[in-house]
Amino acid sequence: MIEIRNTNESYGIIAQSLHWLVAALVLVQLGLGLYAASLPVSLARLQWLSHHKSLGLAILALVLLRLAWRSLNPPPSLPGSMPRWQRSAATALHWMLYLLLLLVPLAGWMHASAAGLSVNWFGLFQVPDLISKQPELSDLLKTLHKGCVALLAMLLLGHVGAALRHALVLRDGIAHRMLPWKPRRM
Ligand code: HEM
């Protein structure tokens, strides 16, 4: 049966949908950012960066929605059969991922504001700047944005690796809690 809310055994369909939507958009966003930043100064670069900034703000909004939903729906607890250090490591990793999913777009938004490159959200409306135009601060914020992206990418690799280990090696049903179907043998 599909549950809307999280239960103690599994994530509900809202938490699962937000998880996979944010995961897919972050992957697209990493490619979009790397591609746009690789282009020479041109109209094309500005246009790709504009898509990147709009998508980044959409991801920020979805992450805030995820955190709000999570605060109303505590996640299923990790089984006591898992070593204590692994449960602590998993919890710490999840909070670091949330922190970076907030820091990365916020640093990008501040960098764009400081550089005087305000965001027009997918051509629909103008987004207010987060800080005033300060070219001397903009480079620092760009470095912060890129540094947080690199850390996020590393943690994502660790997160995916741990999920695959649970799904394919340990086969303990932990990874399937984020999937709408259950494993045949648990
Ligand atoms: C989860 C959200 C985001 C991710 C994963 C992300 C990722 C990236 C990546 C991978 C790059 C290329 C870095 C490099 O050249 O090494 C980049 C560059 C950039 N990002 Fe983001 N970004 C996000 C959100 C945002 C937001 C919300 C904004 C602004 C509103 C933004 C503004 C920029 C800008 C202006 C650059 C170009 C920096 C340059 O001039 O080289 N990003 N981003």
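**The whole chain**

Begin with the entire chain, bearing in mind that this is a predicted model. Its secondary structure amounts to 4 helices and 2 strands, arranged along the sequence in the pattern α-α-α-β-β-α. Along the principal axes, the C-alpha trace spans about 55 × 30 × 25 Å. If the 186 residues are coloured by burial, 16% of them come out as buried. Among contacts between residues at least 6 apart in sequence, 61% join residues at least 24 apart.

**Helix H3**

Select helix H3 (84-114) next. H3 has 31 residues, and the distance from its first C-alpha to its last is 44 Å, close to the 45 Å expected at 1.5 Å a residue. Now show the side chains of its buried residues, which include Leu 100, Leu 101, Val 104, Pro 105, Ala 107 and Gly 108. Trp 109, Met 110, His 111, Ala 112, Ser 113 and Ala 114 are also among the buried residues of H3. Just after H3, Gly 116 takes a positive phi of about 80°.

Is Val 104 buried or exposed? Val 104 counts as buried because it has 28 C-beta neighbours inside 10 Å, and the cut-off for a buried residue is 20 or more. Leaving out residues up to four places away in sequence, Val 104 touches His 145, Cys 148, Val 149 and Leu 152.

Move to Ala 107. Apart from neighbours within four places in sequence, Ala 107 is in contact with Leu 141, Leu 144, His 145 and Cys 148.

**Helix H4**

Select helix H4 (135-170). H4 has 36 residues and extends 51 Å from its first C-alpha to its last, close to the 52 Å expected at 1.5 Å a residue. Its buried residues are Leu 141, His 145, Cys 148 and Val 149. An α-helix has 3.6 residues a turn, so residues three or four places apart point the same way. The buried residues of H4 pack against H1 and H3.

**The nonpolar core**

Display the largest nonpolar core, which has 15 residues. Those touching the most other members are Leu 100, Leu 101, Val 104, Ala 107, Met 110, Leu 141 and Cys 148. H2, H3 and H4 each supply at least two residues of this core, and H3 gives the most, with 8 residues.

**Around the ligand**

Select the 23 residues around the ligand. Which of them come nearest? They are Gly 33, Ala 37, Lys 53, Gly 56 and Gly 108. The elements giving two or more residues to this shell are helix H1 (13-38), helix H2 (43-72), helix H3 (84-114) and helix H4 (135-170). Coloured by residue type, the shell divides into 13 nonpolar, 7 polar and 3 charged residues.

**Two residues with positive phi**

Most residues other than glycine have a negative phi. Phe 122, which is not a glycine, has a positive phi of about 45°. Find Phe 122 in the loop between strand E1 (120-121) and strand E2 (125-126). Phe 122 is partly exposed, with 13 other C-beta atoms within 10 Å.

Then select Arg 171, in the segment after H4. Arg 171 likewise is not a glycine and has a positive phi of about 45°. With 14 C-beta neighbours inside 10 Å, Arg 171 counts as partly exposed.

**Last stop: Lys 182**

Finish with Lys 182, which is found in the segment after H4. Why does Lys 182 count as exposed? Lys 182 has 11 C-beta neighbours inside 10 Å, and a residue is exposed if the number is 12 or fewer.

Note on methods
Residues are numbered from 1 along each chain as its sequence is written. This is a predicted model: local features need pLDDT of at least 70, side-chain atom pairs count only at pLDDT 80 or more; totals for chains, interfaces and linings use all residues. A residue is near a molecule or strand if its C-beta atom, placed from the backbone, lies within 6 Å of it. Ala, Val, Leu, Ile, Met, Phe, Trp, Tyr, Cys and Pro count as nonpolar, Asp, Glu, Lys and Arg as charged, and the others, Gly among them, as polar. Two residues are in contact if their C-beta atoms, placed from the backbone, lie within 7 Å. The expected span of a helix is 1.5 Å times one less than its number of residues. A nonpolar core is a set of buried Ala, Val, Leu, Ile, Met, Phe, Trp, Tyr and Cys residues joined through C-beta atoms within 7 Å.
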